[in-house]
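This report is meant for a reader meeting the structure for the first time.

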Amino acid sequence: MEIERVAIVTESFLPTVNGVTSSVIRVLEHLRATGRQAMVVAPRCGAPTQVHGAPVFEVPSFAYREFPVGMPSPQLHGLLQRFQPDVVHAASPFLLGGQAIAEARRMGVPSVAVYQTDIAGFARRNRLSAGAPVAWKVLRRIHNQADLTLAPSSSAIADLDAAGIDRVAHWARGVDLDAFHPDHRQGPAALALRERLAPRGETIVGYVGRVAPEKGLERLRALQGTRGIRVVVVGDGPGMAAARRALAPLGAVFLGQRTGAALAAAYAALDVFVHTGAEETFGQTLQEAAAAGLPVVAPRAGGPIDLVDHGITGFLYEPDSQRALRDAVRTLVDSPAMRARMGEAGRRRVLQRTWPRVCDELVCHYEAAQRHALTGVEPVRAAAVV
């Protein structure tokens, strides 16, 4: 049976900008482009009523650390019954997504759960280590009700396997190869930004992403004393005040949140991309940096392990080693030729990861979930895909 109607129930959506929201928007765009219908159910936070032709319905939510958390709602049952989806796509399911998967099961509709949150890392960061097993128990119950769970990286697959979650497959994320392109370095917007940020020809070392405690931006303090660099942060979030305090000794420049052409220009103005978060299930900004032709320096943890080919497209450093981070950046600052070589290699590595191609893979996963729901045939077990 063809997949024609997709209900996406997401724990995060506009105006909140993060990896979950961004991937959902790309999926909606692809579903519309391929002639499929979709609807979105999200926590109440002031979302638009329609995105890429899909109606958006909000359910009650409560705020936790400035993040809207969707609550299970009787409204969801009625929405799914009226829409009659061919598949339910639960994005980073927890309270709301867990209800969506249970509703789909009662309706006899296949469901796909997309794993995108490092629960163990969240527990450690918030001093809730004792609660991590409980969180995993909840997630195991949620995901094992789904016909298929999708994980974005080998690290995430390993975590899910260790937690006893069944029917896991690999689904990565796409990247816009036109928006993020090395040629933009010579564009007027990027050149003007470079002149503003590095008027004396400094090497621009930048981070792009959400500014939040889990992103570990304080790790950039390891670069203090590195000569000839300008540290730049692109993004916004609840950790902004703390990040400004932590990076004040570096004279870091904070450009705030950027989207569209302004975001592309920000990448194009950088010379080295540094990621600091050690709890990423994937790491979308690393792909964007690679597409823009930048060498990437990132922690040897989680999703970045799959995305950075150490010594070829950039460097991986041990998250707790300030020296390793500083040495990796200094090596790239001292060698423009190495930066160019690694940037070119990174660009080549992501050429096959367009959003249309990745979303076509997602539709194939929908079909695998549908087969499991109809026949009980187990989807192919994921390998640790790089």
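The model is a predicted one, in which local features need pLDDT of at least 70 and side-chain atom pairs count only at pLDDT 80 or more, while totals for chains, interfaces and linings use all residues. Residues are numbered from 1 along each chain as its sequence is written, and side-chain values use heavy atoms, with hydrogens and water left out.

**The sheet**

Helices (DSSP runs of H or I, at least four residues) and strands (runs of E, at least two) are numbered from the N terminus, and two strands count as paired if DSSP finds at least two bridges between them. On these terms there is an open sheet of 8 strands with mixed pairing, in the order S3-S4-S2-S1-S7-S8-S9-S10. Strand S3 (50-51) and strand S10 (168-170) are at the edges with a single partner strand each, so one side of each has no neighbour in the sheet. S1 and S7 run parallel and are joined by 5 bridges, and Val 9 stands opposite Ala 90 in S7. Helix H1 packs on the sheet, where it touches S1, S2, S3, S4 and S7, and its direction makes about 170° with that of S1; contact here means heavy atoms within 4.5 Å, and the angle, on a scale from 0 to 180 degrees, is taken between N-to-C directions of axes fitted to C-alpha atoms, for helices over the stretch in contact.

**The nonpolar cores**

A nonpolar core is a set of buried Ala, Val, Leu, Ile, Met, Phe, Trp, Tyr and Cys residues joined through side-chain atoms within 4.5 Å, where buried means under 20% relative accessible area, exposed over 50% and partly exposed in between, with a 1.4 Å probe and protein chains only. The largest such core has 32 residues, and Phe 13, Val 27, Leu 28, Val 112, Leu 150 and Tyr 366 touch the most other members. Several elements supply at least two residues each, including helix H1 (19-33), strand S2 (37-43) and helix H14 (355-375), and H14 gives the most, with 8 residues. Leaving aside residues up to four places away in sequence, Phe 13 touches residues that include Leu 28, Val 40, Cys 45 and Val 56. Apart from this core lies another, of 31 residues, among them Ala 198, Leu 270, Phe 273 and Ala 292.

**Charged pairs**

A salt bridge is a side-chain nitrogen of Lys or Arg within 4 Å of a carboxyl oxygen of Asp or Glu, and the count comes to 11 salt bridges. Three of them are set out below.

| Pair | Closest N to O |
|---|---|
| Arg 106 and Glu 103 | 3.4 Å |
| Asp 327 and Arg 323 | 3.5 Å |

Arg 106 and Glu 103 are 3 residues apart in helix H3 (residues 95-107), about one helical turn; Arg 106 is exposed at 62% relative accessibility, whereas Glu 103 is buried at 8%. Asp 327 and Arg 323 lie 4 residues apart in helix H12 (residues 322-333), again about one turn, with Asp 327 partly exposed at 32% and Arg 323 exposed at 58%. Salt bridges that share partners also join Arg 26, Glu 29 and Asp 176 into one network.

**The cysteines**

With a disulfide taken as a pair of cysteine sulfur atoms within 2.5 Å, the count is 0 disulfides. Cys 45 is partly exposed, at 24% relative accessible area. Cys 359, which is buried at 2%, is in no disulfide, and the nearest cysteine sulfur, that of Cys 364, is 11 Å away.
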